[in-house]
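I opened this model to look up its charged pairs, its sheet and one of its helices. My notes follow.

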Amino acid sequence: MVRALIPGSFDPVTNGHLDIIERAAKIYDSVLVSVVRNYSKSPLFTIEERMELLQTVCAKWSNVSIGSFEGLLVQYACEQNVNVIVKGLRAVSDFEYEFQMAQMNRRLTNEIDTVFMMTGTEYAYLSSSIVKEIARLGGSVKGLVPEDVETHLRQKVQRQP
């Protein structure tokens with residue numbers, strides 16, 4: 001059984017993220033989507049909110065589960081009995097950074113491989129940061145995020161000063 005891990009901030013989860021999750025769910029027996037606690041970022045949604053949104057939008061895939069972690073990715077992956085880390089790529093600039101991280105993770109443990117998956121071309125420009133900025137400025141994020149996420153995002157940005 002091959003168990004894959006898709007780590008990310010998912011602040012918020014976008015249709016680009018879902019593209020990678022759906023395709024990974026078709027390839028791997030089990031997929032763990034995990035929210036990373038990143039202290040260098042100021043997230044809009046709490047870890048719990050991001051996990052709830054992921055639970056909702058990933059419910060259609062029976063082999064997808066949701067988690068969260070902080071610390072070393074490979075340590076968490078080992079604890080979760082993961083065989084493969086799946087990283088979504090949008091552009092060459094993503095590849096440079098992710099390649100370095102994959103090499104370091106491989107140095108830390110050779111038990112886990114990293115697989116790069118290109119997002120669909122319709123999502124190549126899409127990032128959570130862009131989605132948040134559009135929402136904050138009152139623009140439409142329809143088609144960029146799932147409807148449930150759009151609703152929560154609107155509520156969240158309206159409450160901000």
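**Salt bridges**

I counted seven salt bridges, taking as one a side-chain nitrogen of Lys or Arg within 4 Å of a carboxyl oxygen of Asp or Glu. The model is predicted, so I noted the limits: local features need pLDDT of at least 70, side-chain atom pairs count only at pLDDT 80 or more, and totals for chains, interfaces and linings use all residues. Residues are numbered from 1 along each chain as its sequence is written, and side-chain values use heavy atoms, with hydrogens and water left out.

My classes are buried under 20% relative accessible area, exposed over 50%, and partly exposed in between, with a 1.4 Å probe and protein chains only.

Next I took K156 and E49, whose side chains form a salt bridge at 2.9 Å, N to O. K156 belongs to helix 6 (residues 147-159) and E49 to helix 2, so the pair ties together parts 107 residues apart in sequence. K156 is buried at 13% relative accessible area, while E49 is partly exposed at 26%.

R90 is partly exposed, with a relative accessible area of 34%; D94 is buried, at 16%.

**Sheet**

In what order do the five strands of the open sheet run? I read 3-2-1-4-5, with parallel pairing; two strands pair if DSSP finds at least two bridges between them. Strand 3 (64-69) and strand 5 (113-118) are at the edges with a single partner strand each, so one side of each has no neighbour in the sheet. From one strand to the next the twist averages 30°. Axes here are lines fitted to C-alpha atoms, for helices over the stretch in contact, and angles run from 0 to 180 degrees between N-to-C directions.

I then checked strand 1 (residues 3-8) against strand 2 (residues 30-36): they pair in the parallel sense over six bridges. G8 has V35 as its bridge partner in strand 2. Helix 2 (residues 47-58) packs on the sheet and touches strand 2 and strand 3, its direction making about 170° with that of strand 3. Contact means heavy atoms within 4.5 Å. Helix 4 (residues 92-108) also packs on the sheet, touching strand 4 (84-89) and strand 5, at about 165° to the direction of strand 5.

Helix 4 has 17 residues and spans 24 Å from first to last C-alpha, close to the expected 24 Å; the expected span is 1.5 Å times one less than the number of residues. Which of the residues in helix 4 are buried? I found D94, E98, A102 and N105. Their cover includes helix 3 (73-79), strand 4 and strand 5.

T109 lies in the loop between helix 4 and strand 5. T109 is buried at 11% relative accessible area. Leaving aside neighbours within four places in sequence, T109 is in contact with V74 and C78.

How values were computed. Helix = DSSP H or I, 4+ residues; strand = E, 2+ residues; numbered from the N terminus.
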